[in-house]
Amino acid sequence: MVLSDRLFSQFSDLVYRECGINLHDGKKSLLQARLNKRLRLTGFKSYESYFQYLTSGDSCDELVHFLDCVSTNLTYFFREPKHFEFLSQQIPEMLTAKRKERTQRIRAWSAGCSTGEEPYSLAMEVLQHIKETDHFDFKILATDISTRALDIAKTGIYSSEKVQRVHPELRRQYFKRIAGTCPNIDSYEVVPLLKHIVRFARLNLNETYPFKGPFDFIFCRNVMIYFDKKTQENLIHKMCHYLTPNGYLFVGHSESLMGLNHSMKYVRPAVYKK
């Protein structure tokens, strides 16, 4: 089957309405390939009948699966390391301020967390600065639109290849080795402490957020590149609202708030402050 320009436009409009992702013409072949997979799994015989079902009002579960298949979930531990280096420099000052204010609350949000490597990396980075005598209430909210990616994230199990990017000392502290069924093919599971800190939930960034915040820092990286300018501005406005005063927003290094209407203060490439 060949996806017609008319149907591509209709599917693209549906994706934009539901989650703000802008599928331009260059994504037609990608969308067709991913639609073919959904059609094989669901038994629909044509793109037309599948589209009619998605828009019928009776397809809540399948609509979630469809949005899963058009989202991208590329990630790895400590991706874009300059962000983690900068965060590591700011954490001591943040913890000192909280001790003076006698507050134990530390909150972070990983928006577009994919399969979990980012929020677990954030947890490890912050924990390196918390003393044994501290009693901070440290939690990370990790959200993504893909239920498939979230299912992987919740298990906290990763191949040895993925964990190779983690510093050996952190790997020793925060991962448990799982022997594989084949020689030299092992996996690693994050320790219960990290699973306790990170809470995963499905969230469409284009909808109303069901939480109050505020967050000391937000990572929303390599997400805005899929949105048009209007959706980007709406997203940044909401992110700013959910940050604490002087809280930090991290975006992808291929992203920028330049040309967008926002109230954030530029700190360095891909880092902004409320």
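Mentor: The model is a predicted one. Its chain forms eleven helices and ten strands. The radius of gyration is 20 Å, close to the 19 Å that the globule rule gives for 274 residues, so the protein is as compact as a globular protein of that length. Of the 274 residues, 49% count as buried.

Now to the core itself. The largest nonpolar core has 48 residues, and Phe11, Phe66 and Trp109 touch the most other members. Two or more residues each are given to this core by the helices α1 (5-19), α2 (28-42), α3 (47-54), α4 (60-70) and α11 (229-241), and by the strands β1 (105-111), β7 (215-219) and β8 (243-250). The largest share, six residues, comes from α1.

Phe66 shows what such packing looks like in detail. Leaving aside residues up to four places away in sequence, Phe66 touches Phe11, Leu14, Val15, Leu31, Leu35, Tyr50 and Leu54.

Contacts across the whole protein can be sorted by distance along the chain. Among those with a separation of 6 or more, 75% are between residues 24 or more positions apart.

Notes: Residues numbered from 1 in each chain as written. Predicted model: local features only at pLDDT ≥ 70, side-chain atom pairs only at ≥ 80, totals over all residues. Heavy atoms only, no water. Core = buried A, V, L, I, M, F, W, Y, C linked by side-chain atoms within 4.5 Å. Buried < 20%, exposed > 50% of the residue type's maximum accessible area, 1.4 Å probe, protein only. Helix = DSSP H or I, 4+ residues; strand = E, 2+ residues; numbered from the N terminus. Contact = heavy atoms within 4.5 Å. Rg over C-alpha atoms; globule rule 2.2 N^0.38 Å.
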